[in-house]
Amino acid sequence: MSLRKQKNTFYPLALTLLVAGLGFAVKALLLHPLYIQLATNVAHMNGWYTTILYYLIDGGLIDLAIIAVCYPAAAYAVWFKGLKGGKRVITAFTLLTLGKFVANYIMDILTYSGLPRLNEFLTDIPPILLMLVLELVPYAAVVAVTAVAKARFDRKAELAAYESELTETKKPAPVLPFAKLVSLRNPLQLASFVGALAIFLTREVSYHVYQITLLNNFGSTDGWADMLVTLLADAALGILIYFAAVLLLPHIHSKESSKE
């Protein structure tokens, strides 16, 4: 029996629903409105707690924590069940991400302006959809890389099984457990690296788009020092996301294997 048939996706799905659902809900419905109230209050805008909320929300730390869990969960589901078998995990994260944008939009309406007019609503939709697509691109990259790597792995395994009937042929090594912390020859580690790289690139692109906007509107940017610090911080976050995946994937595997 193949690994794809042996494994289910209960634990990856449960992780995705719990971490993304709870994380996005707390951020959009609780922390974001609280941050707005504190940041617009003279007595609290410079408080340490307001700064922490800024990094959690606008700094993207909550989203990065969710990514560090949900990307490996998707890679695991796709590896052992394929795209069709892992669609519940993929669909759950996609819908929860969409729900986050809807919740953010509703909370902004309630906080700032009230119900928008139809033309204002139609104007708001395209940039929101664009941000949604851009946020899902790294997730899609992880899923795609895992699916392609799984297809290649299966072909090699089938060819080795056929050739073993004729001559002694070595089968492809299993992807789990990991033999090294960094090995881009391992498909799941490659998918983890691609996800971390995609997050790094999207953060850097977003940051430099913001700097270009500052340059066009005000004639200056935040400066080279700020750009360098941001580059190093984004690189460090990408590395942390990769190693979080490398640590989480064996944990998911052990949980799923215990149900067999």
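**Exercise 1.** Which residues line the largest cavity?

*Solution.* The model is predicted.

Step 1. Start with the count. The structure holds 2 cavities of 30 Å³ or more. The largest cavity contains about 70 Å³ of space.

Step 2. List the lining. Ile67, Ala68, Tyr71, Pro72, Ala75, Val142, Leu188, Ala191, Ser192, Gly195, Ile241 and Ala245 line the largest cavity.

Step 3. Assign elements. Helix H4 (61–85), helix H7 (187–218) and helix H8 (224–257) each give two or more residues to this lining. H4 gives the most, with 5 residues.

Step 4. Sort by class. The lining of the largest cavity has 10 nonpolar and 2 polar residues, and no charged ones.

**Exercise 2.** Find what lines the second largest cavity, and name the helix with the largest share of that lining.

*Solution.* 

Step 1. Take the volume. The second largest cavity has about 50 Å³.

Step 2. List the lining. Phe24, Asp63, Ile66, Ile67, Tyr71, Phe93, Lys100 and Glu135 line the second largest cavity.

Step 3. Assign elements. The largest share is 4 residues, and H4 supplies it.

**Exercise 3.** How many nonpolar, polar and charged residues are in the lining of the second largest cavity?

*Solution.* 

Step 1. Count the classes. This lining divides into 5 nonpolar and 3 charged residues, with no polar ones.

Step 2. Name the charged residues. Asp, Glu, Lys and Arg count as charged, so Asp63, Lys100 and Glu135 belong to this class.

Step 3. The lining of the largest cavity has no charged residues.

Note on methods
Residues numbered from 1 in each chain as written. Predicted model: local features only at pLDDT ≥ 70, side-chain atom pairs only at ≥ 80, totals over all residues. Heavy atoms only, no water. 1 Å grid on protein atoms, 1.4 Å probe; cavity = no way out; pocket = protein on both sides within 12 Å on 5 of 7 lines; lining within 4 Å. Points joined across faces, edges and corners; volume = space filled by probe spheres on them.
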